[in-house]
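Good morning, and thank you for the time.

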Amino acid sequence: MAAISGEAHETNCKGCSASVRLSPEEIVKLFGDTVRVKEVKLATESEYERRMAQCRKCEAFQFGTTCRWCGCLMDIKAKLEKSSCPSPGGSLW
Ligand code: SF4
């Protein structure tokens with residue numbers, strides 16, 4: 001069995017081998033500019049920015065998009081009012 005390079009191992013899904021990296025444009029294409037789901041309240045823009053600032057400096061923030069603890073795309077999760085940071089050391093936002 002061929003060894004998996006560090007780069008390939010870090011950027012491919014363990015289940016299907018697709019890339020786990022998404023560009024901001026791909027995220028917008030998947031979810032739209034804003035999240036529109038009935039009955040779900042969104043965080044204010046300033047709260048969203050505060051949350052993302054915490055994520056961007058967190059060592060659990062992977063690929064510029066994803067929290068290693070919950071596997072969520074933070075561009076989406078941070079927009080949901082009721083979301084919280086799942087850091088096992090204590091919520092960072
Ligand atoms: S642990 Fe919290 S701050 Fe860090 S990436 Fe996950 S949600 Fe963001």
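I shall begin with the model itself, then take the overall layout, some individual residues, and finally the ligand.

This is a predicted model: local features are reported only at pLDDT of at least 70, side-chain atom pairs count only at pLDDT 80 or more, and totals for chains, interfaces and linings use all residues. Residues are numbered from 1 along each chain as its sequence is written.

Let us turn to confidence. The term pLDDT is the predictor's confidence in each residue, from 0 to 100. The chain has a mean pLDDT of 83, and 84% of its residues reach 70 or more. Confidence is lowest in helix α1, residues 6–11, at a mean of 53, and highest in helix α3, residues 45–56, at 97. Over residues 1–9 the pLDDT stays under 50, and there the model has one contact beyond four places in sequence. Two residues are in contact if their C-beta atoms, placed from the backbone, lie within 7 Å. Where pLDDT is low, the predicted coordinates should not be read in detail.

Next, the layout. The chain contains four helices and two strands, in the order α-α-α-β-β-α along the sequence. Helices (H or I, at least four residues) and strands (E, at least two) are DSSP runs, numbered from the N terminus. Among contacts between residues at least 6 apart in sequence, 44% join residues at least 24 apart.

How many of the 93 residues count as buried? The share is 10%. A residue is buried if 20 or more other C-beta atoms lie within 10 Å of its own, exposed if 12 or fewer, and partly exposed in between, with C-beta atoms placed from the backbone. Helix α2, residues 24–31, lies largely in the open because zero of its eight residues are buried. After α2 comes Gly 32, with a positive phi near 85°.

I now move to individual residues. Val 20 lies in the loop between α1 and α2. Val 20 is partly exposed because it has 16 other C-beta atoms within 10 Å. Its contacts, not counting residues up to four places away in sequence, include Phe 63 and Thr 66. The C-alpha atoms of Val 20 and Thr 66 are separated by 8.9 Å, although these residues are 46 apart along the chain.

Phe 63 itself sits in the loop between β1 (61–62) and β2 (66–67). Most residues other than glycine have a negative phi. The phi of Phe 63, however, is positive, near 60°. With 13 C-beta neighbours inside 10 Å, Phe 63 counts as partly exposed.

In helix α3 we find Met 52, which is partly exposed, with 17 C-beta neighbours inside 10 Å. Leaving aside neighbours within four places in sequence, Met 52 is in contact with Met 74 and Ala 78.

Is Ser 91, in contrast, buried or exposed? Ser 91 has 10 C-beta neighbours inside 10 Å, so it counts as exposed. Ser 91 belongs to the segment after α4 (74–77), and beyond four places in sequence it is in contact with Ser 84 and Cys 85.

Finally, the ligand. The residues around the ligand include Cys 55, Cys 58, Cys 67, Met 74 and Cys 85; a residue is near a molecule if its C-beta atom, placed from the backbone, lies within 6 Å of it. The shell divides into nine nonpolar residues, two polar and no charged. Here Ala, Val, Leu, Ile, Met, Phe, Trp, Tyr, Cys and Pro count as nonpolar, Asp, Glu, Lys and Arg as charged, and the others, Gly among them, as polar.
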